[in-house]
Amino acid sequence: TTTTTRTASNHPFWAGLGNTYMDARAYHEAGMELSQIYIINQQSQIRCLDGRRSGPDRRMAFPDDYRAAQRTLFPRGYRDKNILRHIRDNNQRRIMVPPPSSNYV
């Protein structure tokens, strides 16, 4: 599987926000990199899935690897001014992880 780098000019999405790992998987399968996906928990805290996946194929399993990929925390949720900066900066440099295969049961 070949992975290509997407830029703002050829990819319409800068970030995907969701509250479940199914949302994260859907964004990832749509071609978004992990550094573009954000999960909002019940306390309105936002985490970016910008952790790196190790392993030979670097594919994400579901849902534990999505949980493990959560790294950057924005504790004040929507009021955290660092979120937009994080989205902009991550749009400049991508963590390239191929989307999961569709062989899930």
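Does Phe74 count as buried or exposed? In this predicted model, Phe74 has a relative accessibility of 3% and therefore counts as buried, the cut-off being under 20% relative accessible area. Tyr38 is likewise buried, its relative accessible area being 0%. The two residues are listed below.

| Residue | Relative accessible area | Class |
|---|---|---|
| Tyr38 | 0% | buried |
| Phe74 | 3% | buried |

The whole structure contains one aromatic pair. Its partners are Tyr38 and Phe74, in a tilted arrangement with 6.3 Å from centre to centre and 45° between the planes. The pair connects distant parts of the chain, since Tyr38 belongs to strand E2 and Phe74 to strand E4, 36 residues apart.

These strands belong to an open sheet of four, ordered E1-E2-E3-E4, with mixed pairing. Strand E1 (16-18) and strand E4 (73-74) lie at the edges, each pairing on one side only. Strand E2 runs antiparallel to strand E3 (residues 46-48), and three bridges join them. Within this part of the sheet, Ile40 stands opposite Ile46 in E3.

The largest nonpolar core has nine residues: Tyr21, Ala24, Met32, Leu34, Ile37, Ile39, Leu49, Tyr66 and Ala69. At least two residues of this core come from each of helix H1 (21-29), strand E2 (37-40) and helix H2 (64-69). A second, separate core has seven residues, among them Tyr38, Ile40, Ile46 and Phe74. In soluble globular proteins, nonpolar side chains tend to be buried together.

Terms used
Residues are numbered from 1 along each chain as its sequence is written. This is a predicted model: local features need pLDDT of at least 70, side-chain atom pairs count only at pLDDT 80 or more; totals for chains, interfaces and linings use all residues. Side-chain values use heavy atoms; hydrogens and water are left out. A nonpolar core is a set of buried Ala, Val, Leu, Ile, Met, Phe, Trp, Tyr and Cys residues joined through side-chain atoms within 4.5 Å. Buried means under 20% relative accessible area, exposed over 50%, partly exposed in between (1.4 Å probe, protein chains only). Two strands pair if DSSP finds at least two bridges between them. Rings of Phe, Tyr and Trp (its six-membered ring) pair if their centres lie within 6.5 Å; planes under 30 degrees apart count as stacked, over 60 as edge-to-face and the rest as tilted.
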